[in-house]
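Please keep the sequence and the model in view while reading.

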Amino acid sequence: MADRTDAETLHFDGHSVRFTHRNKVVYPETGTTKGDVLDYYERIAPLVKALADPVRLRLVSIVASHQDGEACVCDLNDAFDLSQPTISHHLKVLHEVGLLDRTKRGVWVYYSIRATALADLAALI
């Protein structure tokens with residue numbers, strides 16, 4: 001195959017892909033590379049996996065809609081017919097994947113939505 005000296009753009013399924021002289025894929029609409037896109041999906045997959053659980057999805061919804069954008073774990077327990085350790089486990093999973101931030105105040109832990117994670121999810125949809 002001959003070396004490509006100029007960038008070449010191919011169109012398929014309503015999308016454009018540009019190949020540079022080094023066969024590096026670039027998406028012209030955003031200027032992102034194939035590697036950037038793969039990094040994005042690797043970053044987003046754990047978030048989607050965590051939200052696949054109905055309890056976790058509901059927890060995120062409750063925290064996001066809670067007054068001041070944060071909720072105390074004590075308030076979240078009342079919304080479920082689950083034990084406090086089970087709720088805490090789900091919150092821990094959401095925190096570990098980066099969907100929730102947490103702060104401790106005295107004996108209580110408060111959770112808030114991590115805005116960058118929601119932005120990543122919104123971009124997916």
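In this predicted model, Lys-92 and Glu-96 form a salt bridge, with 3.9 Å between their closest N and O atoms. Both residues belong to helix 4 and are four residues apart, which means about one helical turn separates them.

- Lys-92 is partly exposed, at 42% relative accessible area.
- Glu-96 counts as exposed because its relative accessibility is 56%, and the cut-off for exposed is over 50%.

**Salt bridge between Arg-114 and Asp-101**
- Arg-114 pairs with Asp-101, and the closest N and O atoms of this salt bridge are 2.4 Å apart.
- Asp-101 is in strand 6 and Arg-114 is in the loop between strand 7 and helix 5, so the pair ties together parts 13 residues apart in sequence.
- Arg-114 is partly exposed at 27% relative accessibility, and Asp-101 is also partly exposed, with a relative accessible area of 28%.

**Salt bridge between Arg-105 and Glu-70**
- A salt bridge joins the side chains of Arg-105 and Glu-70, at 2.9 Å from N to O.
- This pair links distant parts of the chain, since Glu-70 sits in strand 5 (residues 70–72) and Arg-105 in strand 6 (residues 100–105), 35 residues apart.
- Arg-105 is partly exposed, with 41% relative accessible area, and Glu-70 counts as partly exposed at 23%.
- In general, side chains of opposite charge can pair when their charged atoms come close.

**Nonpolar core**
- The largest nonpolar core contains 24 residues.
- Residues with the most contacts inside this core are Leu-59, Val-63, Leu-76, Leu-91, Leu-94, Leu-99 and Leu-100.
- At least two core residues come from each of helix 1 (34–51), helix 2 (54–65), helix 3 (73–77), helix 4 (84–96), strand 7 (108–113) and helix 5.
- Leaving aside residues up to four places away in sequence, Leu-100 touches Val-63, Leu-91, Leu-94, His-95, Tyr-111, Ser-112, Ile-113 and Arg-114.
- In soluble globular proteins, nonpolar side chains tend to be buried together.

**Nonpolar surface patch**
- Tyr-41, Val-48 and Leu-124 make a nonpolar surface patch of about 260 Å².
- Leu-124 is part of helix 5, which covers residues 115–124.
- Leu-124 counts as partly exposed, at 38% relative accessibility.

Notes:
Residues numbered from 1 in each chain as written. Predicted model: local features only at pLDDT ≥ 70, side-chain atom pairs only at ≥ 80, totals over all residues. Heavy atoms only, no water. Patch = residues over 30% accessible without salt bridge, like charges linked within 9 Å, V, L, I, M, F, W, Y side chains within 5 Å. Areas by Shrake-Rupley, 256 points an atom, 1.4 Å probe, with all protein chains shown as cover. Salt bridge = Lys/Arg side-chain N within 4 Å of Asp/Glu carboxyl O. Buried < 20%, exposed > 50% of the residue type's maximum accessible area, 1.4 Å probe, protein only. Core = buried A, V, L, I, M, F, W, Y, C linked by side-chain atoms within 4.5 Å. Contact = heavy atoms within 4.5 Å.
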